Amino acid sequence: LNLPYVEEYGTQNALEFLRQAMDHRTFYDRADLELCKEVADVQYISSMNPTSGSFTINERLQGHFATFACLMPSSTDLLRIYHSILDGHLA
């Protein structure tokens, strides 16, 4: 979600388009503005890169998501996770 370009009004076009789609659940066809397409049965999942881009998200968009932060697991934890997965597949 953290795009590099923030406009002079503090918004990001792609994120505002996503927010509008989540709020209204419809898109208008650019060729025929009277044709409205409804979006149904969609789940939105997002993430942010902690090392690049903009680190501020519009509050109206952020309100649609359950927000939590997690750190990168240590090497020991990763080894345990992948070892458990492989044991399950190879057993």
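This is a predicted model: local features need pLDDT of at least 70, side-chain atom pairs count only at pLDDT 80 or more; totals for chains, interfaces and linings use all residues.
**View 1. The largest pocket and the residues around its centre.** The space in this pocket amounts to about 500 Å³. Its lining consists of 15 residues, and those closest to the centre are Ser-46, Ser-47, Met-48, Thr-67 and Phe-68. By residue class, the lining of the largest pocket comprises 11 nonpolar and 4 polar residues, with no charged residue.

**View 2. The second largest pocket, with helix H1 and strand E1 contributing to its lining.** About 150 Å³ of space lies in this second pocket. Its lining is formed by Phe-17, Gln-20, Ala-21, His-24, Thr-26, Phe-27 and Tyr-28. Helix H1 (13-24) and strand E1 (26-28) each provide at least two of the lining residues. The most is given by H1, which supplies 4 residues. The lining of the second largest pocket divides into 4 nonpolar and 3 polar residues, and no charged residue is present.

**View 3. Helix H3, residues 75-90, and its exposure.** This helix has 16 residues, and at 1.5 Å a residue it should span 22 Å. A residue counts as buried when its relative accessible area is under 20%. Of the 16 residues of H3, the number buried is 0, so the helix lies largely in the open.

Note on methods. Residues are numbered from 1 along each chain as its sequence is written. Side-chain values use heavy atoms; hydrogens and water are left out. The expected span of a helix is 1.5 Å times one less than its number of residues. Buried means under 20% relative accessible area, exposed over 50%, partly exposed in between (1.4 Å probe, protein chains only). On a 1 Å grid over the protein atoms alone, a cavity is a set of points where a 1.4 Å probe fits but cannot get out, and a pocket is an open set with protein on both sides within 12 Å along at least five of seven lines; lining residues have an atom within 4 Å of a point. Grid points are joined across faces, edges and corners, and a volume is the space filled by probe spheres set on the points. Ala, Val, Leu, Ile, Met, Phe, Trp, Tyr, Cys and Pro count as nonpolar, Asp, Glu, Lys and Arg as charged, and the others, Gly among them, as polar.
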